[in-house]
Amino acid sequence: MEQAIKTPWHLWVVGIATLLFNAIGCYSYTMTQTGSLADLGMTPDQIAYFDGFPAWADAAWALGVWGAFTGSVLLLLRRKLALAAFVVATIGLIATTYFELVVSQIPDSLQNPALMAAIWISTLFSLWYSRWMGAAGVLR
């Protein structure tokens, strides 16, 4: 008979912190897709930038934010699929970053290197952490 592995306290801290952080990305994405950016105080030029995203960039952004959010939920549920969700999120983030830094011209008012760094750090940490918890037998 297999012994159940106790959930480490840090899984709850990481899971809840990343869930809250990733929820912000989901909210931002949803506000963009529903045409509600003016409600967030964005200028017409900023809104035009987001409205100009090609379908592939919108899809990449969706993969990034929803993959990360799903990964956080799966981590809290102690599911091995959390790793796959964070892989999807990382792929979405790579494509979104490519679009932002290579393809498009981000308006100065929207450039935020600290936010971009935080998103990358959070995503890569989540990817590593879910792999670590899976290897430790915490995720099933």
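## Before you start

What you see is a predicted model, in which local features need pLDDT of at least 70 and side-chain atom pairs count only at pLDDT 80 or more, while totals for chains, interfaces and linings use all residues. Residues are numbered from 1 along each chain as its sequence is written, and side-chain values use heavy atoms, with hydrogens and water left out.

## The overall fold

The chain has five helices and zero strands, so its elements read α-α-α-α-α from the N terminus on. Helices (H or I, at least four residues) and strands (E, at least two) are DSSP runs, numbered from the N terminus. The C-alpha trace spans about 60 × 30 × 25 Å along its principal axes.

Of the 140 residues in the chain, 38% are buried. Here buried means under 20% relative accessible area, exposed means over 50%, and partly exposed lies in between (1.4 Å probe, protein chains only). The accessible surface comes to about 8,300 Å², and 69% of that belongs to carbon and sulfur atoms. These areas come from the Shrake-Rupley method with a 1.4 Å probe, and for residues only the protein chains shown count as cover. Among contacts between residues at least 6 apart in sequence, 77% join residues at least 24 apart; a contact means heavy atoms within 4.5 Å.

## The largest pocket

Rolling a probe the size of a water molecule over the atoms shows where empty space is left. The largest pocket of this model has a volume of about 980 Å³. Its lining is made of 36 residues, and Ser28, Trp61, Glu100, Leu115 and Ile119 lie nearest its centre. The elements that each give two or more residues to this lining are α1 (9–33), α2 (44–51), α3 (55–76), α4 (81–103) and α5 (113–135). Which element gives the largest share of the lining? That is α5, with seven residues.

Grid points are joined across faces, edges and corners, and the volume is the space filled by probe spheres set on the points.

Alanine 57 sits in helix α3 and is buried, with a relative accessible area of 1%. Leaving aside neighbours within four places in sequence, alanine 57 is in contact with Thr96 and Phe99. Its C-alpha is 9.4 Å from that of threonine 97, which is 40 residues away in sequence.

Threonine 96 belongs to helix α4. Is threonine 96 buried or exposed? It counts as buried because its relative accessible area is 10%. Not counting residues up to four places away in sequence, threonine 96 touches Ala57, Ala60 and Trp61.

Further along helix α3 you will find threonine 70, which is partly exposed at 37% relative accessibility. Threonine 70 and alanine 85 are 15 residues apart in sequence and 6.3 Å apart in space, C-alpha to C-alpha.

## A loop residue to look at

Arginine 78 lies in the loop between α3 and α4. With 13% relative accessibility, arginine 78 counts as buried. Most residues other than glycine have a negative phi. Arginine 78, although not a glycine, has a positive phi of about 60 degrees.

## Along helix α5

Threonine 123 is placed in helix α5 and is buried, at a relative accessible area of 9%. Apart from neighbours within four places in sequence, threonine 123 is in contact with Ala89, Thr90 and Leu93.

Glycine 134 is also found in α5 and is partly exposed, at 23%. Its C-alpha is separated by 6.0 Å from that of lysine 80, 54 residues apart along the chain. Alanine 135, again in α5, is exposed at 72% relative accessibility. The C-alpha atoms of alanine 135 and lysine 80 are 9.4 Å apart.

Terms used
1 Å grid on protein atoms, 1.4 Å probe; cavity = no way out; pocket = protein on both sides within 12 Å on 5 of 7 lines; lining within 4 Å.
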